[in-house]
Amino acid sequence: MATDPFNITSEARNTLLVVTTLIVAVTFQAAINPPAGVWQDDKYSPANCTAVTSNCIRVARAGTSVLNTQSKLRYGIFIFVNSLAFSAATCTICFLLLGSPFRTETLISIYCMNGAYIASVGAVQPQTKKTWAILIGAILAPYIFRVFASIRKRHKLAREQDVSQGPPVFQRGAC
């Protein structure tokens, strides 16, 4: 690899890549197979209904999260923290690969994997604006934080360089 902007040893970088890859795999699996599983069949109320009619309503759709049906709050918390962990791990992989000769291909793979994650979670989550906002917010948050952290670091380095050069010297212009 080329220069290391984080001053991380090769051994530490490899360990971080293994750990973050494991986190990506576990969180992806948890997203497509949420706690309590998914409904195998549509569920109607009252229980003796088999289809939506005038007196029957569907309370659960096959393939959607059972946990969401039982507790929308617990499902929301689960999907937020799971998505945040997934995205933070993929973001870490992106930045650990700075200077890699295959960085472009890896970034394409990671962004496509983020898209697949969103599509997979979208298949098992309720189709509401709130759940989509939680999911998209959690996926984007680590990337946004990384951009702001990079900007702060650049400003800090610029201030340190200004201080090391001493106070500015003002010259009078010719009138």
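Guide: Rings of Phe, Tyr and Trp (its six-membered ring) pair if their centres lie within 6.5 Å; planes under 30 degrees apart count as stacked, over 60 as edge-to-face and the rest as tilted. The model is predicted: local features need pLDDT of at least 70 and side-chain atom pairs count only at pLDDT 80 or more, whereas totals for chains, interfaces and linings use all residues. Residues are numbered from 1 along each chain as its sequence is written, and side-chain values use heavy atoms, with hydrogens and water left out.

Visitor: Is the pair formed by the rings of Tyr75 and Phe78 stacked, edge-to-face or tilted?

Guide: Both residues lie in helix α3 (residues 72–96), three residues apart, or about one turn of the helix; helices (H or I, at least four residues) and strands (E, at least two) are DSSP runs, numbered from the N terminus. Tyr75 and Phe78 are both buried, where buried means under 20% relative accessible area, exposed over 50% and partly exposed in between (1.4 Å probe, protein chains only). The ring centres are 6.5 Å apart and the planes stand at 50 degrees, so the pair is tilted.

Visitor: Against which helices do the buried residues of α1 pack?

Guide: The buried residues of α1 are Arg13, Leu17, Thr20, Val24, Thr27 and Ala31. Contact means heavy atoms within 4.5 Å; leaving aside neighbours within four places in sequence, Ile93 is in contact with Leu17, Thr20, Thr21, Val24 and Ile110. The buried residues of α1 pack against α3 and α4.

Visitor: Is Asn82 buried or exposed?

Guide: Asn82 lies in helix α3. Beyond its neighbours within four places in sequence, Asn82 is in contact with Thr27, Ala30, Ala31 and Tyr117. Its relative accessible area is 8%, so Asn82 is buried.

Visitor: How far from a polar atom of the Ser71 side chain does the backbone nitrogen of Arg74 lie?

Guide: Ser71 is in the loop between α2 (66–70) and α3. Ser71 counts as buried because its relative accessibility is 16%. From the backbone nitrogen of Arg74 to a polar atom of the Ser71 side chain, the distance is 3.2 Å.

Visitor: What distance does helix α4 reach from its first C-alpha to its last?

Guide: Helix α4 (residues 103–124) has 22 residues, and its buried residues include Leu107, Ile110, Asn114 and Tyr117. The expected span of a helix is 1.5 Å times one less than its number of residues. For α4 the expected value is 32 Å, and the helix comes close to this, reaching 32 Å.

Technical notes:
Polar contact = N/O pair within 3.5 Å; in protein donor to acceptor, adjacent residues only side chain to side chain.
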